[in-house]
Amino acid sequence: MFVGIDDTDSIKGMCTTYLAAKLCHELDIIGSPKLVRLNPNIPYKTRGNAAIAFETNDLSAKKKVISLVKKYSMVSDSKTNPGVVFLESKKVPKKVKDFYSRVVSELVSIEDAEKVISAIKADTFKLKNGRGIIGALAAIGFNGEKTYEIIAYRKSKKEVKERKISRDSVVRMNDLFFPGVFDNLDVSGKRILITPKGRDPIFCGIRGRSKNIVCKAWDMIEPLEPIEFTQLFETNQATDAHLRIKKISEIKPYDCVIVSGTVSSNPKRVPGGHVIFGLTDKTGSIECAAYKPSRDFRDIASFLAVGDEIKVYGGISKYVKTINLEKIEVIRLNDILSSSRPVCCNKNMSSAGRNKGFKCKKCSKKILKTGVKISQKNRSLFLGIYDVPAGSRRHLSKPVFLD
Ligand code: ATP
């Protein structure tokens, strides 16, 4: 039987992965449980829009899952709507795989999930409006490229924000295993990224390309507070599973897209420190935004100029107005010409009047030449692909160094 679970936690505490880890300790499960990130743009998410799935032959599974979901769900939170899907099947049906492919990339409805659930004759358990069945069903359908994450959970149930960890041990682990494990430290090497900042049971999570490497990396970490247990997950993190190639006219609210086009308005810095520029393809125009937390990535965006050919990767929010950028690929830089006047006494000469040439303000020398020197402007950009730094990267975004 396949089991999918979603929407049990809230910003005030708990975590669906903890519930899954508890179940994995109580049930006989087949292989590793799956930690599946879904569309990062949807409004119902609390944090990283994660759902969980696993396979088990344990006859008591249904009873235990329902009992733990009832026990741990934060139903007092208005945004928490737990949903569980139970599917008796030897393999995951294509309909469920296709459903995952939609849920990871666009907005779907509870009715969409219910249609598939009834077609495949799966069973559900819901609390409140049961929206969690969307993520639960999608998690069962997860297929495609995989990465791994080992998560360590804290023993203390006070769920304070601070995690006590030896910083040196994180640096040593990163030095030894990066990029086999990634997103351990921010670009400055100062901020630890493996420990979350919220009130939840996770102590830390280490992400990497193989089961073996994340386990070895965890062995090097020195926690300075008691750990309850660890759990290894198979994930779709850092795989770009959410992105779909689209034309501008095809983009819908909450989509995750890759769009090829030409820069149509020069980048400008707006209040708040964000950089915005226009992008056009044959079907329309849209704004692209690089936000302040993306730091140096904003500078890359600000070096673009009208006429540059690029490919942008990013997410759409409620209104189809802006692509919130995750990556930019610079395909062709436009030739930008700059003009300069003749030089005299180490300064550009000034105009002597219409069609009268130039004069030097310092030595009064005049020349009759009317033209200005046209030269190609040096661009501060190379062709290639640029992404946001680890600290502001979305869980699903594939870092450039993994390509
Ligand atoms: P976590 O904290 O575990 O990272 P989250 O708390 O951010 O995840 P959830 O609590 O899982 O997010 O809430 C997300 C809700 O949105 C769930 O009910 C899920 O079923 C639903 N959902 C997920 N993806 C979509 C989608 N593409 N369209 C519509 N609803 C979705």
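Reply: What follows starts with the domains, goes through their interface, and then visits a few other places.

This is a predicted model, in which local features need pLDDT of at least 70 and side-chain atom pairs count only at pLDDT 80 or more, while totals for chains, interfaces and linings use all residues. Residues are numbered from 1 along each chain as its sequence is written, and side-chain values use heavy atoms, with hydrogens and water left out.

Start with the layout. The chain is assigned domain 1 (2-140), domain 2 (147-235), domain 3 (244-334 + 380-402) and domain 4 (337-376). Such bounds come from an automatic or database domain assignment. Taken over C-alpha atoms, the centres of domain 1 and domain 2 are 24 Å apart.

Now the interface. Contact means heavy atoms within 4.5 Å. By that rule, 18 residues of domain 1 touch 19 residues of domain 2. How much area is buried between domain 1 and domain 2? It is about 1,400 Å², and carbon and sulfur atoms give 59% of it. Buried area is the accessible area (1.4 Å probe) that two parts lose on being put together, summed over both. Three residues stand out: Tyr18, Ser32 and Leu35 supply 36% of the area that domain 1 buries against domain 2, more than any other three residues.

Next, the charged pairs. A salt bridge is a side-chain nitrogen of Lys or Arg within 4 Å of a carboxyl oxygen of Asp or Glu. The structure holds 25 salt bridges. Between domain 1 and domain 2 the count is 2. Lys22 and Glu228 meet in a salt bridge, at 3.2 Å from N to O. Lys34 and Glu234 form a salt bridge too, with their closest N and O atoms 3.7 Å apart. Glu234 lies in strand β9 (residues 227-235) and Lys34 in strand β2, so this pair ties together parts that are 200 residues apart in sequence.

Polar contacts come next. They are pairs of N or O atoms within 3.5 Å; within protein, one atom must be able to donate a hydrogen and the other to accept it, and residues adjacent in sequence count only if both atoms are side-chain atoms. Across the interface of domain 1 and domain 2, the rule finds 6 residue pairs in polar contact, both residues at pLDDT 80 or more.

Which elements give two or more residues to the side of domain 1 that touches domain 2? They are α1 (16-26) and β2 (29-37). Helices (H or I, at least four residues) and strands (E, at least two) are DSSP runs, numbered from the N terminus. α1 gives the most, with 7 residues. This side of domain 1 divides into 9 nonpolar, 4 polar and 5 charged residues. Here Ala, Val, Leu, Ile, Met, Phe, Trp, Tyr, Cys and Pro count as nonpolar, Asp, Glu, Lys and Arg as charged, and the others, Gly among them, as polar.

Now the ligand. It is surrounded by 22 residues, the closest being Asp6, Asp7, Thr46, Arg47 and Glu106. A residue counts as near if one of its heavy atoms lies within 4 Å. An oxygen atom of the ligand is 2.7 Å from an N or O atom in the side chain of Thr46. For the side chain of Asp9, that distance is 2.9 Å. A polar backbone atom of Asn49 is 2.8 Å from an oxygen atom of the ligand.

Finally, two backbone details. A cis peptide bond joins Phe178 and Pro179, with omega about 0°. Pro179 sits in the loop between α6 (167-177) and β7 (181-182). Ala238 is in the loop between β9 and β10 (244-245). Phi of Ala238 is near 60°, a positive value in a residue other than glycine.
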